[in-house]
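Me: I have just opened this one and would like to be walked through how its parts meet. Could you take it slowly?

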Amino acid sequence: MSFSAIFVQLLNGLASASSLFLVAAGLSLIFGVTRIVNFAHGSLYMLGTYTAYSLVQWFGGGIPGFWSGVLLSGVIVGLFGALVERLLLRRLYHAPELLQLLATFALVLIISDFTLWAWGPEDLLGPRAPGLAGAISIAGRRFPEYDLFLILLGPLVLGLLWLLLTRTRWGTLVRAATEDREMAGALGVNQAWLFTSVFALGSFLAGLGGAIQIPREPAVLTMDLSILSDVFVVVVVGGMGSIPGAFLAAVIIGVLKAMCIGIGNVHAFGIDFSFSKLTLVVEFIVMAVVLVIRPWGLFGRSQGAPRAASTEPPLNLPSPALQKLLLAGLIMLALLPLASDRYTLVLMTDILVFALFAVSLHFIMGPAGMHSFGHAAYFGLGAYAAALLFKHVLPMELALALAPFAAGLGALLFGWFCVRLSGVYLAMLTLAFAQIAWSVVYQWDSFTGGSNGMVGVWPAQWLASKTTFYYLALVLCAGGTMVLWRILYSPFGYGLRAGRDSPLRADAIGIDVRRQQWLGFALAGTFAGLAGAVYAFSKGSISPDALSIPRSVDGLVMVLMGGIQTLTGAVAGAAVFTWLQDSISRQTEFWRALLGGIILFLVLVFPQGIAGFIRERWEARSGRSEA
Amino acid sequence: MTVLRVSDLCKSYGGVQAVCNVSFSLDAGEILALIGPNGAGKTTCFNLLNGQIAADSGSAEFEGRSLIGMQPREIWRLGVGRTFQITATFGSMSVRENVQTALLNFHGKLTSIVTLAGRLYVDEAMALLERVGIAAQAERPCGVLAYGDLKRVELAIALANHPHLLLMDEPTAGMAPTERVALMQLTAELARASSIAVLFTEHDMDVVFAHADRILVLNHGTLIAEGKPAEVRANRQVQEVYLGSGSVYGAAHGAEHA
């Protein structure tokens, strides 16, 4: 690869870094002030692209039409963001932090289907930018003028944001709230107004970042989640809440990605290595490395612990009444095949699988206090391990028995890094590892079947009927759930909760909190792997979807929808979510939006989750709740 | 018998000498108070001993073993118990479970996943709660306890590993005056009964002069006085430091207790 080619790739990287920076700066601002991890940020970006496409067409081609269209889309998305903050998020500021995340995820679903409804499924490529449609010659190569404009736009926006944050009263308030939100509130800063305006600005930046992409990249329906993971990485690498950090990180990641594409296949020391295959993971590798060396990102600082220590509810042994209820539930599940058709059995098998998956996620999120955004990695590792063992060497029963341990080993490896972090950084690192695992599976055609996955992963003859397999799933998944719950009442579980409740005290009574969390992480990964292995054999095939980000998010939704503060919540959430997904997706093409709407409804009406709500009612009725 | 021997301990932050050449020793069963005005280096000194920060130079030996560079949890293993200025307990557990968790780790059981933790070491936990006088509250969740009672829970947790040394950072901060005296009274009785050495920092001079066997006075990171309460009270330099900051309200008052 020649020098000029490298140089042009460098410029390409800088051009894409600008858009990345705009979107990331918006996310970082919003997180800094409101502490909300805005999952819908990628959707705002997507809205910006589609809106700009339509506006530019509507305004006609010329210079004023194009540029006013681009700018106006940013403004429209900004206003939309402000509206979302006022109508939705405002109602959730007093709810647990994770619930706001759930609400923003519901928005992802709704916006995604809205876009499909409004613009249709085809990819839309915008016109070239009038006035900058040509190309200039750089180092003997043609380079688009528009990309040069983008390269300049990034630093320009950085400068403007810097002026806004350091030279205006509003900027001072934003910085104060980012540093210490409670103190800013105590000093009389009008938080409602500040939050709305920050949300509007952040959304505007996301919309603008999307709008400026139209001459370069087509508008596609999957761009919301793909940019989201990029932007998460940029914000985390730069340090949550730091705008210069986001810029630096965007440049690093934009350039590295462009370089990986540019270098392509390299043959060195007798080994062929494809750098272009690295494109999908290079940013996550950067993030993992940065977080291990600098746990709060390049320019970030450790977030102070919230002043008011939030008290987790006590974890009591299930009351005799609840035990009876659980037993009755189990008996009903065991009798179910007598009175149901094939279809119900398949759905119930799915519910059992996802219940175990959700319970294993709850195990680390609830009692251990580690919020994982990438739990599907272990589900997928279990599923793939089962399929690979079965295809290559082992009978089905042994493959099923060993696969969870493969997932456990994966969790042991990834977990070692993750437990060194906490809070949102830990969450992002789990996401990064899940994405790395996904990308390996997705690209390793010869071993994992690549994007097609693997087929013919069928259970052994004696388990082949839907009924027998249902019983197998019931035994393994209900059993796994019971084991995980039981462990929470064991000394090991007490150690986990001790580390969550008060790391300071846990340390002072000799508990190695990291080790406890590490083992807990591996244990949860093992059981997620068991769920994955059962899933693989129940479907007869397996694809990279099993460890994709949406699958991880499904798990989060199940746990949060059910209620993170109760053990049974994860099961309730998994059952309701799986059933909803199944029944709605058969009713309407726009099932995502409907599901999003239902999630929003649940979040607003039952902020404690389904099981949490039922428990509250129960306690209120039996008068057992302690004042 | 000397339990803790500290010599020439130093720690600076940037150009500020937070703790400078501090030396002292502490015997079994002795109650030693570390006092001084705000910013004198008490907390730094404390955190050097409990492993939360690393010393620049000097040594701290507990029963002949150097504490320098050790993690807090390793120091706990040696037999050092701690309480915090702002109570740190496990809010999702009952009072009894808090103590049980400490006992579980003391008995090396924290990786066990088969037994029910709530049924282990119940008697031992209840005996500890009995000793600090809150056995009646054993089944209440720590999250709903009054602050004074939480301080007692902390003391019970700190006693779980049969410590030879108790480090108490402002043990009575945030408590009502009558509770303060009662808590230190209890601590003193426990320390003397089991010959536990106690090192505590404290702002309340009533508490200090009533219960300390010996007092160390820190100012600007250096020890300016050391001795029995009466000697320290008579020390000119100490009087200047405290009268200068206007915080001796216990000089005459404390004499009645002594």
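**How the parts meet**

Me: Which side chain of chain B meets A:D512 in a salt bridge?
Reply: The side chain of B:R73 meets that of A:D512 in a salt bridge, with N to O at 3.5 Å. Please keep in mind throughout that this is a predicted model.

Me: Where do those two residues sit, and why does the pair join two chains?
Reply: A:D512 lies in the loop between α20 (503–508) and α21 (513–539) of chain A, while B:R73 is in helix α2 of chain B, so the pair joins two chains. As for accessibility, A:D512 is partly exposed, with a relative accessible area of 21%, and B:R73 is also partly exposed, with a value of 23%.

Me: How many salt bridges are there across the interface of chain B and chain A?
Reply: The rule finds two salt bridges across the interface of chain B and chain A, and the one between A:D512 and B:R73 joins two chains. If you count polar contacts instead, there are 16 residue pairs between chain B and chain A, with both residues at pLDDT 80 or more.

Me: Which elements of chain B touch chain A?
Reply: The elements that give two or more residues to that side of chain B are α2 (72–79), β6 (80–83), α3 (95–106) and α5 (147–158). Of these, α3(B) gives the most, with five residues. By class, the residues on the side of chain B that touches chain A divide into 17 nonpolar, 12 polar and seven charged.

Me: And how many residues are in contact there?
Reply: On the chain B side 36 residues are in contact, and they meet 32 residues of chain A. The area buried between the two chains is about 2900 Å², and carbon and sulfur atoms give 61% of that area.

Me: Changing topic: how is chain A divided?
Reply: Chain A is divided into domain 1, which covers 3–264 + 272–293, and domain 2, which covers 345–622. Taken over C-alpha atoms, the centres of the two domains of chain A are separated by 30 Å. Their contact takes 36 residues from domain 1 and 39 residues from domain 2.

Me: What area do the two domains of chain A bury between them?
Reply: Domain 1 and domain 2 of chain A bury about 3400 Å² between them, and 85% of it is on carbon and sulfur atoms. On the domain 1 side, A:L98, A:L102 and A:D113 supply 18% of the area buried against domain 2, which is more than any other three residues supply.

Me: Which residue does A:D113 meet in a salt bridge?
Reply: The side chain of A:D113 meets that of A:R592 in a salt bridge, at 3.1 Å from N to O. The rule finds one salt bridge across the interface of domain 1 and domain 2 of chain A, and the count of residue pairs in polar contact between these domains is three, again with both residues at pLDDT 80 or more.

Me: Which elements of domain 1 touch domain 2 in chain A?
Reply: Those that give two or more residues to that side of domain 1 are α4 (97–119), α9 (223–238) and α11 (282–293) of chain A. The largest share, 13 residues, comes from α4(A). Sorted by class, the side of domain 1 that touches domain 2 has 30 nonpolar, three polar and three charged residues.

Me: How many salt bridges are there over all chains?
Reply: A search of the whole structure finds 16 salt bridges over all chains. One of them is between the side chains of A:E85 and A:R90, at 3.2 Å from N to O. In that pair A:E85 is buried, with a relative accessible area of 0%, whereas A:R90 counts as partly exposed at 24% relative accessibility.

Me: What about B:K11, which residue does that one form a salt bridge with?
Reply: B:K11 forms a salt bridge with B:D56, and the closest N and O atoms are 3.8 Å apart. This pair links distant parts of the chain, 45 residues apart, with B:K11 in strand β1 (residues 2–13) and B:D56 in the loop between α1 (42–50) and β4 (57–62) of chain B.

Note on methods. Residues numbered from 1 in each chain as written. Chains lettered and ligands numbered in written order. Predicted model: local features only at pLDDT ≥ 70, side-chain atom pairs only at ≥ 80, totals over all residues. Heavy atoms only, no water. Contact = heavy atoms within 4.5 Å. Buried area = accessible area lost by both parts, 1.4 Å probe. Salt bridge = Lys/Arg side-chain N within 4 Å of Asp/Glu carboxyl O. Polar contact = N/O pair within 3.5 Å; in protein donor to acceptor, adjacent residues only side chain to side chain. Helix = DSSP H or I, 4+ residues; strand = E, 2+ residues; numbered from the N terminus. Nonpolar A, V, L, I, M, F, W, Y, C, P; charged D, E, K, R; others polar. Domains from an automatic or database assignment. Buried < 20%, exposed > 50% of the residue type's maximum accessible area, 1.4 Å probe, protein only.
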